[in-house]
Amino acid sequence: MTEPLSPPDYDYPVVRMRPKMDPRRIRHGFPWAYANEIVTDRRTRAMKPGTIAVLEDDRRSPLGLVAVNPESKIIARMIDRNVKAVIETEWFATRLTRALDLRNRLFDAPFYRLIHAEADGLPGVVIDRFGDVLVIQPNAAWADARIDMLAQAAMDVTGATTVFKNAAGRTRSLEGLDDVSAVLHGTTPDGPIPVPMNGATYMADVTGGQKTGLFYDQRPNHAFAADLAKDARVLDMFSHVGGFGLAALAGGAASTLCVDGSAPALDLATQGAAAMGASDRFEARQGDAFEVLTSLSEEGAKFDLVICDPPAFAPAKPALDAGLRAYERIARLSASLVAPNGILALCSCSHAADLEKFRSSCVRGIGRAGRSPALIRTGYAGADHPLMPQLAESGYLKALFFRL
């Protein structure tokens, strides 16, 4: 057991685990402590969200440095096992350099997720890179309070010239943070940024688009779909800016229909198809996914490759049952559009729906459509979205490819 330090040796305030709370989970790498695990006395409750503190077990042995937010269910996030660490620009630069080294080994162009929160040592922080532009989502109070340090370190390490803070999203509201986005350094891009990926060209609106402007996590699943798309009729549901659909065009699809509820997203998909010289094989349709799937079925439409990549139907446990029913319905409706021996890809980014539950819902839906599935691939997020083994939530993305 680590020898406890006397309080005067600490450069930070102290928060302590409650008696009988087993600290081994945190010692073995779990990065969070919940509000019901920490002694929340008046001193702790008075801490400003984002305060750095030493977390001790109930025997007063140090576990590491944590970022404290008394307003959050996740009251403490582990940021460094060294209780003497100084959280400054150089500290951020060390973690960013380590993350950049991995991405440089994975990709030959500067378009990727640079920081994937806990798995890259920066809890609650997401940074996506678009060439010389970085989009930072500081989704935890400690990072939001130190955004200037983080942004400066990110520019120093990557050489990027523009940093945009994206403050949208449910996670920030859970931390009690505002939703005010801003350009921190450089100038606002004067239009969407072309992003080359899997042979396709995507148009990323980094200031006004969904999330950071593009979903890099599906890259390996886009590539697999592209390999299946030669001469195929392709339907990309919930397409956003054309994720699977443009990859399919790059793979030689005969035609691609992209469907989404967002007109701006479909406009970006249309621009991407034009940039690839594939406008003649591309079509976009705006509308509610369930209604469009029903309409396509009534029209007698058939596709050789159908992909459904919806938003999180089950973002948290209270929504799990309803979310699983929605996934089953999507599977049923989309399966009826797949030509004999065609491929159906069904995706989920829901934290609460684990792989087994999601797969079961998909198989039920396919069965209700009267189709017989063979699972040919189970896909996950790309390597620039590393999974922290101790934190199941970091493995959120599932992509199932069925031959029907």
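Trainee: What is the handedness of the crossing of α3 and α5?

Mentor: In this predicted model, the crossing of α3 and α5 is right-handed.

Trainee: Which residues make the contact?

Mentor: From α3: T89, F92, A93, L96, T97 and L100. From α5: M149, L150, A153, A154, V157 and T158. By class, the contact has nine nonpolar, three polar and no charged residues.

Trainee: What makes β14 and β15 a pair?

Mentor: Pairing takes at least two bridges. Five bridges join β14 (residues 255–260) to β15 (residues 282–286), so the two strands qualify. They run parallel. One of the bridges links T256 with F282. Between the strands, the chain passes through helix α9 (residues 263–275), and this β-α-β crossover is right-handed.

Trainee: Why do β1 and β2 count as edge strands?

Mentor: Read the order of the open sheet: β1-β3-β4-β5-β2. β1 (14–16) and β2 (32–34) each have a single partner strand, so one side of each lacks a neighbour in the sheet. The sheet's pairing is mixed. Its neighbouring strands are turned by 40 degrees against each other on average, direction ignored.

Trainee: How do you know that β3 and β4 pair, and in which direction do they run?

Mentor: Six bridges join β3 (residues 51–56) to β4 (residues 62–68). The threshold is at least two, so they pair. They run antiparallel. A53 has V66 as its bridge partner in β4.

How values were computed:
Residues numbered from 1 in each chain as written. Predicted model: local features only at pLDDT ≥ 70, side-chain atom pairs only at ≥ 80, totals over all residues. Heavy atoms only, no water. Left-handed = near helix turned anticlockwise from the far one by under 90°. Helix = DSSP H or I, 4+ residues; strand = E, 2+ residues; numbered from the N terminus. Contact = heavy atoms within 4.5 Å. Nonpolar A, V, L, I, M, F, W, Y, C, P; charged D, E, K, R; others polar. Right-handed = clockwise from strand over helix to strand, strands pointing away. Axes fitted to C-alpha atoms, helices over the stretch in contact; angles between N-to-C directions.
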